[in-house]
Amino acid sequence: MQRRLGQGLWLSFISTPLVFIITFLIFWAFSPGHRFVDPRNLAAIAKLTPDLGVVALGIGVLMICGEFDLSIASVLPLCSFLFAQLLIAGVDPFAALALMIPVGASLGLINGVLVTRTGLPSFIITLSMLLFWRGVLYVVSGLMPISILPYVPTDSDFTHFLTGLVGPVPVQLLWFLGIAVVLGIVLHLGRFGNWIYATGSNPDAARAMGIDTRLVKMVCYMIVGALCAFAGIMQATRLGSFTASQGIGFELKAVAAVVVGGVSLRGGVGNMLGIALGVFIIQIIDNGLILLQVPVFGVNTFIGLAVILFVIINNLANRQFAEQTA
Amino acid sequence: MSSQKMHRRDFLAVTAAAAAGGLLSPMMVSEAMAAPKGQKPAEGMYFRLVTHGADDPFWAVVKQGMMDAAELYGCKAEIDLPGSDLALQQKKFQEAVASKPDGIALVINDDQAWDKPVEDALAAGIPVIGINNDDKEGAAGNKRLCYIGQNERRAGYVIGRTLFEAGKAKGIDLSKAHVAMCGEVPTAMYAQVRFAGVKDAADEFGITSIELFDGGGIEMTTVEQRMTAYLLAHPETTFLLGAGGIGTDRLTSVLKNAGKAPGEILAGGFDTTPGTVEGLKSDYVLATIDQQQYLQGYFAVVVLYLYNKFRLTPNIDTGGYLVTKENIEFIEPLSGKYR
């Protein structure tokens, strides 16, 4: 436990929430008419952020394990497409969701097998799979959007289950938090979490300790794949249709969010609270800058600068901790 | 017509060719019929559509049109969708030229970048026509043989005028109105030119506050996030438009996110994706322009065939079809595949 709370967790556990709170307060204070905390704005953030956020949670776990997955931007819409096909075939939406989660995990497993068996960098392998699955999606979907409203109307139980409201709170946010809690327990309180940190920080030492690092990585890839399926279906349900452009750009945004959340690109460092907050920090900056009426064309510039700034802060925090514990 | 029985496909091929330029002539009919029985008119020909498009619903329909025409004419046709990456699009064009096709249909999305490549291709004997986007100066600006597509500026003007007329009818003081237009790729020529068309209409109605803003790409959630934030940041917004299919698709959700009732903000845009159709039916979206992009893919093949056969170079305006709640019932079943 001490070891897991180590690896920079102590300071990064504080630094990311601090950054989140400061960012939140800045936009609260300076947005005209305090529009940032307007319930409509907070509801929109809560409803829309989990589309990327759910996938980013898995990416965070995988990056702690020392690997990347860029294929998410293709696996997500592919799962959404297959879900739509199941609906068209007459499958109940709940059954289709239950079927698609293992399908997504299987797509993740393919990445895991390729990465662990070839020994090639996961960046290259998953970049290739990003292109491969997108090509497959082009062929099978013909790029056509598919309306799923006839199968899951806006007032259906399934729609409420994935995209409804519990009081004023969007269900998507609850799913995001629930998945974060489960992954947090796995990462920080279970033996498998130990293996993930060990695999990410020093795979040779992990193997010497008897940890099957290949298996650990494959399971992490399967987690990412399953979450892609879930997020893709959740997004399609909200949109009312499958579209081939779902998830485009998520591969880099997820990495940015996770890095802002304190996860090291080299693996072995990070925590679930930071990952979850990192997702919201990125979204809040994007949202808040527009509310501050910063010229919209300049928003990406600020987000780029913010990512660099947060990485520097997290690196300093981790380095200080490492020096203190040396 | 000869005594030889005309096959349905032949008939469709000839009719479509005629429709392409209003060019039904005895010569064409006899030429098309001269193809041996069972052989399609353009068999053995290979055409390439080099676009700036991406894997979004709009280009799915263009591709459908291309495939249908290729099937009908018996030729091979392929489409490149480089996702608004001009450098990649240019590379695809060079690859297309190197493959020595019987013709290239090119999206001319830059006024300078395509001048020399098109000249070089024509000099190499490869016919190049423009589709979807043209040089601002038309044939005077680029030597492409002809252009098939929507007059983007006019389309922008039409949707702008439609919304502003509705606003005027509602008694809105247009001198105080604010017009916001979301461009998924705001630097793309289509967005710029459509915005210019909307601005033309705004000038005509005495509207001075108008802005094109960045929707952040073609990913649906990203665009919805940006549009929602923009709308909350600019409560003075009276008219909200999408410059393309993605932004227009998200209008209804954005207006709901911002707590707006149907018609409270007058919204409209382009294309007829499933979300836009739902918006029209629920009165959140007032009107949309269907540029009938199916025809751009379809006629690209037909016109390139006609050029190879008869050196015909018709200019075809495919766009400007205004879709409202009144005619959505006809459009809806076709949305996503043919419209």
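In chain B, six strands form an open sheet with mixed pairing, in the order β7-β6-β8-β9-β10-β12, where strands are DSSP runs of E of at least two residues and helices are runs of H or I of at least four, both numbered from the N terminus. Two strands are taken to pair if DSSP finds at least two bridges between them. The edges are held by β7 (209-214) and β12 (321-323) of chain B, each with a single partner strand, so one side of each is left without a neighbour in the sheet. From one strand to the next the twist averages 20 degrees.

This is a predicted model, in which local features need pLDDT of at least 70 and side-chain atom pairs count only at pLDDT 80 or more, while totals for chains, interfaces and linings use all residues. Residues are numbered from 1 along each chain as its sequence is written, and chains are lettered from A and ligands numbered from 1 in the order in which they are written.

| Strand pair | Sense and bridges | Bridge partners |
|---|---|---|
| β6(B) and β8(B) | parallel, five bridges | B:Cys182 and B:Gly242 |
| β10(B) and β12(B) | antiparallel, three bridges | B:Ile289 and B:Leu322 |

Strand β6 (residues 178-183) of chain B is mostly covered, with five of its six residues buried; a residue is buried if 20 or more other C-beta atoms, placed from the backbone, lie within 10 Å of its own, exposed if 12 or fewer do, and partly exposed in between. From β6(B) the chain crosses through helix α7 (residues 189-204) of chain B to β7(B), and this β-α-β crossover is right-handed, which is to say that, with the strands pointing away from the viewer, the path from the first strand over the helix to the second runs clockwise.

Chain B as a whole contains 13 helices and twelve strands, and buried residues make up 56% of its 339 residues. Of the contacts in chain B between residues at least 6 apart in sequence, 75% join residues at least 24 apart, a contact being a pair of residues whose C-beta atoms, placed from the backbone, lie within 7 Å.

Between the chains, 33 residues of chain A are in contact with 34 residues of chain B. On the chain A side, the elements that give two or more residues are α3 (39-64), α11 and α13 (272-291) of chain A, and the largest share, six residues, comes from α3(A).

Helix α11 (residues 213-239) of chain A has 27 residues, which at 1.5 Å a residue should span 39 Å, and its end C-alpha atoms are 39 Å apart, in agreement; the expected span is 1.5 Å times one less than the number of residues. Because 25 of the 27 residues of α11(A) are buried, this helix is largely enclosed by the rest of the structure. The residue that follows α11(A) is A:Gly240, whose phi is positive, near 85 degrees.

A:Asn111 is found in helix α5 (residues 93-118) of chain A, and it counts as buried because it has 31 C-beta neighbours inside 10 Å. Leaving aside neighbours within four places in sequence, A:Asn111 is in contact with A:Asp69, A:Ser71, A:Ile125, A:Thr126, A:Met129 and A:Tyr221. A:Asn111 and A:Gly225 are 114 residues apart in sequence, yet 9.1 Å apart in space, C-alpha to C-alpha.

How values were computed:
Axes fitted to C-alpha atoms, helices over the stretch in contact; angles between N-to-C directions. Contact = placed C-beta atoms within 7 Å.
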